[in-house]
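I opened my notebook and wrote down what I looked up, one topic at a time. Come and read along.

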Amino acid sequence: MHSLDHLGPKKIFGFLDGQIFITETVVNAWIVSIVLIILALILTRKMEKVPKGPQIIAELIVGTVYNMVKNTMGPKAEKYAPYIGTIFFFLLGCNMLGLFGLRPVTSDINATLSVALITFGIIQVSSFRSRGALGYAKHFADPMPFMVPIKVLEEVVFPISLCLRLFGNILAGAIIMCLIMTALESASLSLGSSVPFLQIFIPLVPNLFFDVFEPVLHAYIFCTLTMVFTKNAMAHDH
């Protein structure tokens with residue numbers, strides 16, 4: 001069951017009289033990270049040359065991620081596959097927490113901005129390394145010097161749009177599910193039942209959309225945009 005008593009994340013732990021605190025966003029991100037680490041350890045224990053059991057699943061996942069990166073960015077960009085795979089499954093887990101009654105990590109703009117800034121940093125570092133210092137500076141003036149402000153603005157706007165797209169869609173889905181569940185609870189009570197029985201089956205379809213389809217879609221979109229913009233930053237290399 002979704003619970004969004006207020007739009008901002010709740011404070012879980014506080015230190016120094018509340019001046020420093022840890023929110024449910026951080027705690028839920030830890031939960032997702034721990035689950036992913038445990039799954040990775042389970043899938044990769046007792047690795048053998050001839051895969052069997054969980055290793056087959058691990059190799060299928062890794063192979064799929066590497067093929068996706070290779071097809072989108074080119075064969076020279078396979079070094080980005082570990083980051084793309086990690087960020088996809090992390091965002092997927094963070095987006096789908098609503099299925100388990102937890103607030104999605106990505107419904108907090110601080111979380112989506114943090115991930116977007118990491119991606120932004122990778123793009124800029126990749127561009128600088130592939131173009132060199134002089135080439136990196138020159139590309140802001142391509143094709144004409146008066147384009148510099150526009151190019152700089154374009155670079156700055158990208159992480160903001162990446163952040164807001166993910167944040168807005170996941171938060172909107174969480175709010176809609178909260179409203180649906182609240183309405184069904186009220187309807188159950190109005191029918192004289194002390195148990196909100198209408199919440200059991202009716203929310204299944206919106207649950208599948210907002211807590212399964214949308215999380216997968218937006219994790220994929222985030223990773224695809226990361227790959228495309230990173231590739232464009234190194235376009236002259238391909």
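**Entry 1: a histidine to begin with**

I started with His218, which is buried at a relative accessible area of 8%. For this class I used under 20% relative accessible area as buried, over 50% as exposed and anything in between as partly exposed, with a 1.4 Å probe and protein chains only. His218 sits in helix H6. I then listed its contacts (heavy atoms within 4.5 Å). Setting aside residues up to four places away in sequence, I found that His218 touches Asn95, Leu166 and Asn169.

**Entry 2: ground rules**

I noted that this is a predicted model, in which local features need pLDDT of at least 70 and side-chain atom pairs count only at pLDDT 80 or more, while totals for chains, interfaces and linings use all residues. Residues are numbered from 1 along each chain as its sequence is written, and side-chain values use heavy atoms, with hydrogens and water left out.

**Entry 3: the whole protein**

I counted 6 helices and 2 strands. Both kinds of element are DSSP runs numbered from the N terminus: helices are H or I with at least four residues, strands are E with at least two. Along the sequence I read the pattern β-β-α-α-α-α-α-α. Of the 238 residues, 37% count as buried.

The protein exposes about 13900 Å², and carbon and sulfur atoms supply 73% of that. The areas come from the Shrake-Rupley method with a 1.4 Å probe, and for residues only the protein chains shown count as cover.

**Entry 4: helix H3**

Next I asked how many residues of H3 are buried. The number is 11 of the 15, so H3 is largely enclosed by the rest of the structure. Among them I noted Ala81, Tyr83, Gly85, Leu91 and Cys94. The buried residues of H3 pack against H1, H2, helix H4 (109–138), helix H5 (148–190) and helix H6 (204–233).

Ile84 counts as buried at 1% relative accessibility. Leaving aside neighbours within four places in sequence, I found Ile84 in contact with Met68, Val69, Cys223, Thr226 and Met227. Ile84 and Met68 are 16 residues apart along the chain, and their C-alpha atoms are separated by 9.4 Å.

**Entry 5: helices H1 and H2**

I looked up how H1 (residues 24–44) and H2 (residues 54–73) pack: the angle is about 115° and the axes are 7 Å apart. The axes are lines fitted to C-alpha atoms, for helices over the stretch in contact, and the angles run from 0 to 180 degrees between N-to-C directions. From H1, the residues Ile42, Leu43 and Thr44 meet Pro54, Gln55, Ile57, Ala58 and Ile61 of H2.

Lys46 lies in the loop between H1 and H2. I flagged Lys46 for its positive phi of about 55°, although it is not a glycine. Lys46 is exposed, with a relative accessible area of 65%.

Val62 has its place in helix H2 and counts as partly exposed at 43% relative accessibility. The C-alpha atoms of Val62 and Pro82, 20 residues apart along the chain, are separated by 8.5 Å.

**Entry 6: aromatic rings**

My rule was that rings of Phe, Tyr and Trp (its six-membered ring) pair if their centres lie within 6.5 Å, with planes under 30 degrees apart counted as stacked, over 60 as edge-to-face and the rest as tilted. This rule gives 6 aromatic pairs. One of them joins Phe88 and Phe89, edge-to-face at 5.2 Å centre to centre with 80° between the planes. Phe88 is buried at 16%, whereas Phe89 is partly exposed at 30%.

Why is the pair of Tyr136 and Phe140 edge-to-face? The ring centres are 5.3 Å apart and the planes stand at 90°, so the pair falls in that class. Tyr136 and Phe140 are both buried. With Phe128, they form one aromatic cluster.
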